[in-house]
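Please read the following report with the sequence and the model open beside you.

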Amino acid sequence: MNYKIMIVEDDKEICSLLKEYIEKYEFTTLYIDDFEKVLESFNDYKPDIVLLDINLPKYDGFYWCKKIRQLSKVPVIFISARVSGMDQVMALENGGDDYIVKPFDIDVVIAKIKSHIRRAYGDYASNKHEDIVEIDGLKYYPDRLEVAFNDKNLIITKREGVILKYLIKKYPKVVSRDFLFEKIWDDADFVEENTLSVNISRVRKRLQSLGIEEGIETIRGTGYRINKTW
Amino acid sequence: MKLFLKHHKSYIIIYFISLFLTVLYSNLKGFIGVGEIIYIFIFNTFILFCFLLYRYYKNKQLYDLFTSGISSIDDSLDAANESELSKDVSKLLIRQYDLYISNMEKCDKKYKDHLTFINQWVHQMKTPIAVMKLQLKEFEGEERAAEMQEEMDKLIRGLDKSLYYARLDSFQKDFIIKKVNLKEIIRESVNENKRLFIKNRITPRLDIDNDITILSDYKWLKFVVQQIIENGIKYSRNKGTMLFIESVKDKDKVKLNIKDGGIGIAKKDLRRVFDQFFTGENGRKYGESTGMGLYLCREVLTKLGHVITVESEIDKGTTVTIEFIAHD
């Protein structure tokens with residue numbers, strides 16, 4: 001099922017960027033132009049989830065959230081630049097379900113949308129089509145941590161998977177060391193720089209056992225890139 | 001009393017001079033004899049004495065105020081009692097007080113307006129940053145993007161700092177003391193600076209007991225810890241490779257040491273690092289120093305009831321210690 005998301009945010013640029021990203025995950029979106037008729041738009045569109053800014057022209061987000069609550073139990077996620085505890089409390093007390101502070105990480109927004117959809121509609125359908133990262137027959141399935149190439153396949157570790165995913169996604173561009181390091185950073189046990197090198201060489205070996213020689217090339221002083229030798 | 005006599009000194013002198021002249025003249029002319037001179041002298045001086053005494057008691061309150069001085073604004077309004085002099089002085093003081101208050105109010109309003117403006121401005125700046133971040137997402141992992149990301153992180157940190165600074169005055173309304181798990185708050189602070197760690201090739205090392213809890217405000221304490229971590233990374237660039245964060249439990253106290261292997265702080269600068277706008281030698285060397293970070297840290301920690309100290313050795317590194325009361 002295609003879930004509908006309504007974005008109530010007065011900054012046009014953020015709106016269109018949010019829309020662009022959210023739609024990549026096969027949601028339908030609508031953003032509001034007329035901030036006097038938020039409720040009418042809500043009634044017409046009947047969204048499954050609402051992203052709501054606090055600072056809006058005319059009435060603020062708290063007001064609209066209260067109004068929406070009188071009509072519906074739809075999940076409402078606040079997105080605002082206000083960081084104070086008071087604003088967050090206000091947002092949740094006025095019927096909000098979650099609060100994201102600007103400047104936000106788009107992945108967090110997507111994750112929260114997905115999680116609220118799961119919660120509200122008890123549906124894991126939005127994950128039904130499995131993610132596949134692919135480049136000319138070399139396939140990586142992030143959900144299963146599985147790599148496949150020419151009917152051979154094998155299971156790799158999470159860190160190796162993360163590295164492979166970004167290398168494939170970014171091909172033919174070079175992916176910087178710092179970026180990969182950031183992605184394999186462990187929030188509980190911080191990793192040393194050396195961990196990255198170790199994991200890179202592990203991925204190399206994995207590719208080797210799938211029959212790809214020299215699959216990753218090192219760009220000195222910058223990072224790594226997939227070397228398409230197959 | 002002394003002051004009263006001082007104020008009336010010339011008056012008394014004039015009286016005696018004129019009395020003396022009058023008596024001398026009358027005596028030379030032969031109007032009066034010695035007995036009358038003594039009589040006149042005693043009687044007239046008695047009248048003067050009564051007058052001065054009356055005057056003194058009438059203005060006693062005013063003279064008391066002169067000697068004790070004004071210790072609070074309310075004192076100046078007490079001067080009024082029945083004498084004309086007191087009333088006039090009091091009127092003058094009240095007028096001055098009014099002028100002063102209206103000036104104060106003007107300044108206060110200006111300050112508050114400015115604060116409101118800063119707050120609004122900082123919040124508004126967050127939207128463009130959010131837009132840039134979203135647009136940059138397309139290019140993540142590429143070298144240029146990483147550089148831009150770093151500059152944007154600086155912007156965000158700067159904005160946060162100014163927001164916290166603006167909020168410092170209304171601190172009383174903006175904090176909640178709760179039980180805080182030390183390891184959790186440190187881990188979160190480290191993770192939020194992960195890009196900074198990676199960029200500068202510094203590895204964080206944590207050695208904190210899982211079960212240490214303290215009483216503090218989560219948000220403010222995190223802000224402080226992040227400031228110190230940021231400094232630690234900044235001043236060990238191209239030098240140290242580790243940032244040690246460890247806890248030491250000492251009876252009912254918990255010490256949190258944040259230790260870097262950086263350039264250290266010169267002895268002459270060490271005792272001034274908490275001063276506002278003080279940047280010192282390192283600030284000049286490394287740039288991008290506002291002299292606000294550690295000042296804010298100490299202000300906030302003092303309000304929260306924690307103690308911060310700094311030890312440092314040139315070329316060896318710096319250790320910042322925060323002392324908490326342990327909560328079991």
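In this predicted model, Leu145(A) sits in the loop that runs between strand E7 (138-141) and strand E8 (146-149) of chain A. Its phi is near 55°, which is a positive value in a residue other than glycine. Most residues other than glycine have a negative phi. Leu145(A) is partly exposed, with a relative accessible area of 24%.

A positive phi is also found at Asp151(A), where the angle is near 50°, again in a residue other than glycine. Asp151(A) belongs to the loop between E8 and strand E9 (152-155) of chain A, and this residue is exposed, having a relative accessible area of 83%.

The bond from Lys102(A) to Pro103(A) is cis, with omega near -5°, and Pro103(A) lies in the loop between strand E5 (98-101) and helix H5 (106-121) of chain A. The bond from Tyr171(A) to Pro172(A) is likewise cis, with omega near 5°, and Pro172(A) is placed in the loop between helix H6 (158-170) and strand E10 (175-176) of chain A.

How many residues of chain B are in contact with chain A? There are 33 residues of chain B in contact with 39 residues of chain A, and the two chains bury about 3,300 Å² between them, 59% of it on carbon and sulfur atoms. Across this interface there are seven salt bridges, including one in which the side chains of Arg201(B) and Asp178(A) meet at 2.8 Å, N to O. The count of residue pairs in polar contact between the chains, both at pLDDT 80 or more, is 15.

On the side of chain B that touches chain A, two or more residues each come from helix H5 (84-137), helix H6 (143-167), helix H7 (182-192), helix H8 (194-199) and strand E2 (203-207) of chain B. The largest share, 10 residues, is given by H5(B). The residues on this side divide into 12 nonpolar, six polar and 15 charged.

For chain B, an unreviewed UniProt entry places a "domain: Histidine kinase" at residues 120-328, and an unreviewed entry also gives the feature "transmembrane region" at residues 12-32 and 38-57. The table describes these spans in the model.

| Span of chain B | Helix | Strand | Distance between end C-alpha atoms |
|---|---|---|---|
| residues 12-32 | 86% helix | 0% strand | 24 Å |
| residues 38-57 | 100% helix | 0% strand | 28 Å |
| residues 120-328 | 48% helix | 23% strand | 41 Å |

Methods. Residues are numbered from 1 along each chain as its sequence is written. Chains are lettered from A and ligands numbered from 1 in the order in which they are written. This is a predicted model: local features need pLDDT of at least 70, side-chain atom pairs count only at pLDDT 80 or more; totals for chains, interfaces and linings use all residues. Side-chain values use heavy atoms; hydrogens and water are left out. Contact means heavy atoms within 4.5 Å. Buried area is the accessible area (1.4 Å probe) that two parts lose on being put together, summed over both. A salt bridge is a side-chain nitrogen of Lys or Arg within 4 Å of a carboxyl oxygen of Asp or Glu. A polar contact is a pair of N or O atoms within 3.5 Å; within protein, one must be able to donate a hydrogen and the other to accept it, and residues adjacent in sequence count only if both atoms are side-chain atoms. Helices (H or I, at least four residues) and strands (E, at least two) are DSSP runs, numbered from the N terminus. Ala, Val, Leu, Ile, Met, Phe, Trp, Tyr, Cys and Pro count as nonpolar, Asp, Glu, Lys and Arg as charged, and the others, Gly among them, as polar. UniProt positions are given in the numbering used here, feature names are shortened, and annotations may be inferred rather than shown by experiment. Buried means under 20% relative accessible area, exposed over 50%, partly exposed in between (1.4 Å probe, protein chains only).
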